[in-house]
Amino acid sequence: MKFEHSATIAAPIERVWAFLMDVPSVAKCAPGVESVEPLGNDRYRGTLKISVGPIRLALQGDVYIVEKDEAARKASMRADAADRRAGGAVKAVINMALGETEGVPGTQLRLETDAQVMGRIGEFGQPIIRKKAEQMMNEFAKNLEQAIAGQS
């Protein structure tokens with residue numbers, strides 16, 4: 001399942017990049033993230049609690065920054081998480097790119113996600129999962145902009 005999201009962040013690209021490379025700070029902007037702990041070498045372990053339809057999930061897993069190119073302002077991450085109680089799992093590759101916005105000050109954030117949703121979570125079907133992903137991304141973008149604005 002592939003998702004594409006974009007958002008405009010009202011902050012300079014250098015500040016957005018620096019913030020996005022600080023995974024524990026970024027995690028605080030993501031709805032449902034309960035914990036994130038650094039494991040070293042751009043690896044992190046955490047817990048995400050969300051509800052999809054009538055099912056509540058507590059996904060526990062790891063996120064790895066597998067590639068980052070500061071000059072091009074691009075990064076790739078891999079996430080592997082599972083909820084053993086609910087019998088579901090998610091594996092995803094997330095590609096992130098930042099660019100200058102045209103005509104207005106700010107930064108364009110583009111995320112492309114290729115996710116595999118397995119088990120009971122996957123039984124909901126793409127429309128419900130897409131709607132939840134879009135809702136979470138919109139909230140994340142709003143939280144991200146507020147967090148970056150609060151740094152100045």
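Biologist: Two strands pair if DSSP finds at least two bridges between them. Which residue in strand 6 is the bridge partner of A75?

Modeller: The partner of A75 in strand 6 is M96. Before we go on, this is a predicted model, with residues numbered from 1 along each chain as its sequence is written. Local features need pLDDT of at least 70, side-chain atom pairs count only at pLDDT 80 or more, totals for chains, interfaces and linings use all residues, and side-chain values use heavy atoms without hydrogens or water.

Biologist: Thanks! What counts as a strand or a helix here?

Modeller: Both are DSSP runs, numbered from the N terminus: helices are H or I with at least four residues, strands are E with at least two.

Biologist: How many bridges join strand 5 to strand 6?

Modeller: Ten bridges link strand 5 to strand 6, and the two run antiparallel. Four residues lie between these strands in their hairpin, where G87 has a positive phi near 70°.

Biologist: And what about strand 6 with strand 7?

Modeller: Strand 6 and strand 7 are also antiparallel, with 13 bridges. A92 has A115 as its bridge partner in strand 7. The hairpin of strand 6 and strand 7 has six residues between the strands, and G103 there takes a positive phi near 85°.

Biologist: Zooming out, in what order do the strands sit in the sheet?

Modeller: Seven strands make an open sheet, ordered 1-7-6-5-4-3-2, with antiparallel pairing. At the edges you will find strand 1 (2–9) and strand 2 (33–40), each of which pairs on one side only.

Biologist: How are strand 3 and strand 4 joined?

Modeller: Strand 3 (residues 43–52) runs antiparallel to strand 4 (residues 55–69), and ten bridges join them. For one of them, look at G46, whose bridge partner in strand 4 is G61.

Biologist: New topic: which strands does helix 1 touch?

Modeller: Helix 1 (residues 13–20) packs on the sheet and touches strand 1, strand 4, strand 5 (74–83), strand 6 (88–100) and strand 7 (107–119). Helix 3 (residues 126–149) lies across strand 1, strand 3 and strand 7.

Biologist: How many residues does the largest core have?

Modeller: The largest core has 31 residues, and L20, M96, L109 and L144 have the most contacts inside it. Helix 3 gives the largest share, six residues. Other elements that give two or more include strand 1, helix 1 and helix 2 (23–27).

Biologist: M96 again! What does M96 touch?

Modeller: Leaving out residues up to four places away in sequence, M96 touches W17, L20, M21, R73, K74, A75, M77, L109, R110 and L111. Contact means heavy atoms within 4.5 Å.

Biologist: Which residues are in the second core?

Modeller: That separate core has eight residues, including I50, L57, I121 and M136.

Biologist: Last one: is Y44 buried or exposed?

Modeller: Y44 is buried, because its relative accessible area is 11%. You can find Y44 in strand 3.

Definitions and conventions:
Axes are lines fitted to C-alpha atoms, for helices over the stretch in contact, and angles run from 0 to 180 degrees between N-to-C directions. A nonpolar core is a set of buried Ala, Val, Leu, Ile, Met, Phe, Trp, Tyr and Cys residues joined through side-chain atoms within 4.5 Å. Buried means under 20% relative accessible area, exposed over 50%, partly exposed in between (1.4 Å probe, protein chains only).
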